[in-house]
Amino acid sequence: MMMNPSRRRFLTVAGSATALGGASGLVPAFARLALAAETPVPLVVERRTLEVFGKAASVFGIRGPDGKPGLTLDPGRRFLVDLANRGGEDTVIHWHGQTPPHVQDGVADANRPLVKAGASQGYDFAPRTGTHWMHSHHGLQEQLLMAAPLIVHTPDDLRADVQEVTVLLHDFTFRDPAELLAGLTKGAMGADHAGHGGSMPMNGHAGMSMMMSGGGRAGMMPMGGMSDLNDVEYDAYLADDRTIDDPRVVTVERGGRVRLRLINGATSTAFHIDPGSLTGVAVAVDGNPVNPVGGGAFGLAMGQRIDILLSLPVEGGAFPILATREGDKKRAGIILATPGAAVNKLPLEANVVAGPVDPLAERRYRAETPLADRPADVTARVTLTGSMMPYVWSIDGRTFGKHQSLRVKSGQRVVVEMVNASMMAHPMHLHGHHFQVVAINGEAFTGAVRDTVLVPAMHGSVTIAFDADNPGRWPFHCHNLLHMATGMMTEVVYDGFV
Ligand SMILES: [Cu+2]
């Protein structure tokens, strides 16, 4: 593998200088000079206790310098970070949406070690603006909430007369994630779903789904078929660590404007984002500006982000922003409230079951800055494969480790068609790049630039295009953590990397 020697050296020096400057304050003169220019921002991976429905759970967190989760960077700032792993176990944090040099991507492999428990790791790269996030890319730590927002402001963001509200969504279980996954892979799906049939959509049609996948989890697809929606019944759905019956309440101004930066950090749950009585206008997806899209609710698959602009009425009030799980009544959310407004308690469940998140709604989004128009140098087709029974997910019938990498050369325009041969939609994420969505179900259009896209179930397809401008080896995987964990991952590998 190629390795940029100066990069590696910098990381080592940055890491040790920070360590030395810790408790003792003994920083060597050379390091003090370097630190004076720009001091690394400390990020801490840690264990914490979270109360959900009054019951304590031990989860992870990633805390920034202000004590809050994650990191917000001002325009022009480098992503100069010292990550301290105090989580009690080895980890690696992926900077989702960022396009760093490949050694700093935050994945572990033969050439990129884990951050050991108790150790620190330095990072330094020019960040990409927008709404992004950070999460563990090791084991099932993401299920235990090892995730946080990563917001990089543009100069326009700071000039805008808009209040920013960032929300991180999650699905939560009191169970050990390894046991949860083992329950699925051992085929104990019936047990997992016992007692939840009543909350499932389209019960009248469930028979067909059960024949095909063994679960009463069907949802109508726009094309008339039925897909499977949720693999797991979680104990709670969280917005900024809180359930909707005890939500975060954000004070907003009467007649003011709010920019919601929503991040779906759930491991296995897609949500409908519903601003209720407010009119929301989507202005960015996965951190990339899109031509404004108005209207009702917005689907948000795992890994994806959406920025929604809201205008509050001059008379004020309390305005729930709800994230309802697809194929379910359960929901998470926050409440925007003007001073003095009465905030009513909201039930955990909506009155009606939400339908599936529609992958075809992606057609509404158009990149504000599309890729340059040029022909493909290399085209590839991958088939998304796998099933609930047995619970194994794969790409081209191969699980990760037995995968066939997509080979590219620097400078190429790469076009990849993803065809979904399975019963579930999959949010596919490519590291180190943002791609443009250029076709859905074979219909070409000039779509959004983003890093995660939902590929429709049952022979649906999405075609993406990107420029190979970031040499390395880059994971390309389903952002359903449980799908990735069972093998639904391949890699995009540049020439010169083995
Ligand atoms: Cu998947």
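Val416 stands opposite Ile464 in strand E31. The two strands concerned, E25 and E31 (residues 461–467), pair in the antiparallel sense over 7 bridges; strands count as paired if DSSP finds at least two bridges between them. Helices (H or I, at least four residues) and strands (E, at least two) are DSSP runs, numbered from the N terminus.

The model is predicted: local features need pLDDT of at least 70, side-chain atom pairs count only at pLDDT 80 or more, and totals for chains, interfaces and linings use all residues. Residues are numbered from 1 along each chain as its sequence is written, and side-chain values use heavy atoms, with hydrogens and water left out.

**Strand pairing**

E25 also pairs with strand E22 (residues 378–387), in the parallel sense and over 7 bridges. In this pairing Val378 stands opposite Val414 in E25. Strand E25 (residues 413–420) has 7 of its 8 residues buried, so it is largely enclosed by the rest of the structure. Buried means under 20% relative accessible area, exposed over 50%, and partly exposed in between (1.4 Å probe, protein chains only).

An open sheet of 4 strands runs in the order E2-E1-E4-E6, with mixed pairing. Its edges are strand E2 (55–63) and strand E6 (120–125); each has a single partner strand, so one side of each is left without a neighbour in the sheet. From one strand to the next the twist averages 25°, with axes taken as lines fitted to C-alpha atoms (for helices over the stretch in contact) and angles running from 0 to 180 degrees between N-to-C directions. Within this sheet, strand E4 (residues 79–86) and E6 pair in the antiparallel sense over 6 bridges, and Val81 stands opposite Tyr123 in E6.

**Copper site**

His426 (ND1), Cys478 (SG) and His483 (ND1) coordinate the copper ion at 2.0 to 2.1 Å. Donors are N, O and S atoms within 2.8 Å of the metal (3.2 Å for Na, K and Ca); water is not among the atoms, so sites may look incomplete. Along the chain the donors follow the spacing H-x51-C-x4-H. His426 in strand E26 (residues 426–430) and His483 in helix H7 (residues 481–486) are 57 residues apart, and the pair links distant parts of the chain.

**Selected residues**

| Residue | Relative accessible area | Class |
|---|---|---|
| His426 | 0% | buried |
| His483 | 0% | buried |
| Asp451 | 0% | buried |
| Val353 | 29% | partly exposed |

Asp451 lies in the loop between strand E29 (449–450) and strand E30 (452–455). Its side chain makes a polar contact with the side chain of Arg305 (2.7 Å). A polar contact is a pair of N or O atoms within 3.5 Å; within protein, one must be able to donate a hydrogen and the other to accept it, and residues adjacent in sequence count only if both atoms are side-chain atoms. Val353 is found in the loop between strand E21 (331–337) and E22. Val353 and Glu326 are 27 residues apart in sequence and 8.0 Å apart in space, C-alpha to C-alpha.

**Nonpolar cores**

A nonpolar core is a set of buried Ala, Val, Leu, Ile, Met, Phe, Trp, Tyr and Cys residues joined through side-chain atoms within 4.5 Å. Leu336, Met418 and Phe476 touch the most other members among the 75 residues of the largest core. Strand E33 (residues 489–494) supplies the largest share of this core, 4 residues. A second, separate core of 21 residues includes Val45, Ile62, Phe79 and Trp95.
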